[in-house]
Structures are given as structure tokens and as C-alpha cells.
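Open the model in your viewer and keep the selection panel at hand. We begin at a metal site and then move to a sheet.

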Amino acid sequence: MSSAPKLFRVIGGAQNYDWGKLGSTSAVARFAKLNDPENVSIDEEKPYAELWMGTHPSVPTVSAQDRTPLRDLVRAAPEEMLGQDIINKFGSREGIPFLFKVLSIRKVLSIQAHPDKALARQLHASDPKHYPDDNHKPEMAVAITDFEAFCGFKPLAEIDALLQKIPEFRELVGDDVVAEFHSGIGSADVAGKKKLLQKVFSRVMNSPESKFEPLAARLVERTKSDPQLFGETLADLIQRLDAQFPNDIGLFCGCLLLNHCILKSGEAMFLEAKDPHAYISGDIMECMAASDNVIRAGFTPKFKDVEVLVDCLTYSFNPVEEQKLKPTPFPRGAGVAELKLYDPPIDEFSVLQTTFTSAGSETFDGLDGPSLLIVTEGKGKVKLQGSSEALDASTGNIFFVAPKAAIELVSESKDTFTSYRAFCEA
Ligand SMILES: NNC(=O)[C@@H](O)[C@H](O)[C@H](O)COP(=O)(O)O
Ligand SMILES: [Zn+2]
């Protein structure tokens, strides 16, 4: 196998989870078809949830030229494909440290959290079927369209107010814990507050179906009879998600306990390991440490691990605005494009959004690690700086860029030409 070139087109793989948008309404289906028209046909009845780009073995990304798995190309020439600094930093010659995805969401994803490294090793050792990786999975979502999600626990005063005024919530949690929470949150220290929050969450998550299902049905009725108790947005959300998952525990542990976060296109949020969350609707770019470990507990037909979830969460509680990640300028590009860097506080990845709204070029210094770039709107060209060979770069096309490779993006019109590039540097 000859060593791979420094810039080449690759083809990602799709996941058809039930919550994905259907057929061509899904950005995942559209991008997959546009990037591999001979081999992809879109089934309009089928959900297309995720497009994976990376070297995770569950869904191989392959080179467009001869469909060699990217993972094999990395393993054949790790110094060229990852760079010695990345190999030293992450201790692996096997794969790219991040997993890059497009998600296109029709129905709410599971109420979930992802383990940190210690818990990931433990879960992978004890239950490799449900936890395929021994790695943590902190993740970041960048909204392509308007996007909504549950993200982290609501501020405690908001939870207390809901416990005081929503009879079904109060009954599910129990008067004893409701009273302890109400009296404790004003005075307890942060650790004490987290313990109280864990007590409320545990009562909800450990309630039997025979108890929470009728309460959930009454809760939905109350959003129609007394919407003012919830506020219009929350009342609508509960009704909308009940239509997707009738009388589900997620109506309590998601809607009444987690922040309802709405991101405009271009906004982002970062989720530490062990932060509870669930994506609700919209199309996003998602980047994460290379792992597929998901601990689920609501809004899902998949395997739930309630005990592990209740036990492992951070129980931090922050206002919605604090969950958002603001983009910053990217000083290592030069040209006509608008550059936005989404740079979360972890080592495995950052994501650069490049948007052209005029003809012209943008040159980038080489990065000190591997990167994957996908075009999400419009078309242009991509080339190695100094090379005469420019590759077509149109919507859906994905490219691998080797460490230290200085590239140039070119827009040939004033039409919008947008790409996202996930990268990792030592
Ligand atoms: N927050 N987003 C993620 O973690 C994605 O990368 C995961 O792949 C999805 O959450 C998987 O969701 P389900 O298990 O199908 O409910
Ligand atoms: Zn997640």
C-alpha cells in the first residue's frame, strides 16, 4: 500500500438510527449521496441520522480513490497521517483522536451522558457489547440549522419552582425529597446541592413504569389545562416530545430537569463527559473524542443503564447561556473568507468553519495534526498550496488533510461556500 497523499477525498459512513430525518430531508442522506453518487441511493422512507468521518472501526471512512479504509492508511503510515507529536501525545498509532459527524435530527435522541476516561475503561471491560470503547466522549455540537437540545441540569431554583407547582412532578419525586430539596438548596454548599439534585434525579429515574406512565399522561393533560404553570415553550415541548415517546420518563428527567437549549445556526455548545443531555431537533456538525460510549436512560428503545447514569453524572447546574461555546477568530488563515474557530477546553479536537460569500481564496498554514474537512454548502476548490492540482470541493465532499499540509480553499463565485474542518494538534 503506497503511502497516502497529503490531501485526498474520503467517503464517510451513515448511521440510520430511528431518530434521523427521513430520506432527502436529511442532510446526512444528501451529503452521502452527493459525495458518492454511484454507490448511494436514498430511500425516502428511511431515517438518515449520522454521517461518520474518522477512523472509528464501527463505521469506516474510506478513500474515494480505491475505498481503502482511512484507518488502514493511518496504520500503514502513522507518522505521515497523524504526525509524531500526535502519536506521542495520545499514545496511539491506530487512529485519529477525534470522530467528526453530521447529525440530522427528526426526533429527540436519548437522554444520555458519556463516561469520562476512568468510567469508560471500567464499562468497556465489564460490558464491551454496550460500551465498545475504553475512551471518554466529550463532545461539541455546532448548529448548521437552528437546533434545540437538552443540555445540563436547570438552575436549582427553577427545578424547585416546578416541584412546588406541578403536582405530577411532586408526586413522582415524593413529598419527603421535595421538602428536603426545597429547604436545602438555599443553604447547602455546592457538594450538598449536587447531592440534593442527585436525590431528585434518582427518584425520577428509578420510578417504575406503573408509577411514571400515568403521571406522565396527567402531566401532558396539565400542559393543556394549565399551560401557564409551565410557560408556553415548556408546555409545547412536553406535548411535542410526548407525541414522539408517549408517557416516557424523558418528559420528567428531560423536560422538567434539564436546560432546554436553543442554538441559532453558527452557535455551539460543549458537553463535558458525564453531563446529561439529549439533542431534540435540527442539523448539526458534531465532534467528539474517538468513542461511541453512550449511557442512556430515557426517550429511547435502546439499552438503558439507569443505575450507571444516576451514579456517574456531574450534577452541575448552570443557566442555559453558560452551556454555549462562543466561536473565536482563527489567525492562521489569510484571504477573503470568514473564519470561526470552535475550540473547546479539551485536547482531542477543534472545529474551524470557513465561509466564502465572494470569489477569492483562503490559504491556511499547515496544522500540527490530522484534519477532516466537509463542504456543507455551495462549491469551490481545495488544493495543496503550490500545487497546480485543485480538487472540486462541493456540498457533501469530505477531505483528509495530513499534518503540516498547507492548503488553499478557492471560491469561484459570490455564492455562499461553507466548510467545517475538524482537527487535532499536539
Ligand atoms: N449527543 N450525541 C451523541 O452522543 C451522538 O454522537 C450519539 O451517536 C447519539 O447520541 C446516539 O444517540 P442514541 O443512542 O441513538 O439515542
Ligand atoms: Zn451525546
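Select the zinc ion (ligand 2). Its protein donors are Gln112 (OE1), His114 (NE2), Glu139 (OE) and His277 (NE2), at 2.0 to 2.3 Å. Donors are N, O and S atoms within 2.8 Å of the metal (3.2 Å for Na, K and Ca), with water not among the atoms, so sites may look incomplete. This is a predicted model: local features need pLDDT of at least 70 and side-chain atom pairs 80 or more, while totals for chains, interfaces and linings use all residues. Side-chain values use heavy atoms, without hydrogens and water; residues are numbered from 1 along each chain as written, and chains are lettered from A and ligands numbered from 1 in written order.

Check the geometry. The zinc site is octahedral, with angles of 76 to 172 degrees among six donor atoms (opposite donors over 155 degrees apart, all others between 65 and 115). The donor spacing reads Q-x1-H-x24-E-x137-H.

Now pick His114 and Glu139. His114 sits in the loop between β8 (111-113) and α5 (117-126), and Glu139 in strand β9 (residues 139-143), so the pair ties together parts 25 residues apart in sequence. Strands (E, at least two residues) and helices (H or I, at least four) are DSSP runs, numbered from the N terminus. His114 is buried, at 1% relative accessible area. Glu139 is buried too, at 1% (buried: under 20%, 1.4 Å probe, protein chains only).

Next, show the open seven-stranded sheet: β6-β1-β23-β20-β25-β18-β17, with antiparallel pairing. β6 (62-63) and β17 (338-342) are the edges, each with a single partner strand, so one side of each has no neighbour in the sheet. Pairing takes at least two DSSP bridges between two strands.

Finish on β20 (residues 371-377) and β25 (residues 417-423), antiparallel over six bridges. Leucine 373 stands opposite arginine 421 in β25.

Key:
Tetrahedral: all angles 85-135°; square planar, octahedral: opposite > 155°, others 65-115°. Buried < 20%, exposed > 50% of the residue type's maximum accessible area, 1.4 Å probe, protein only.
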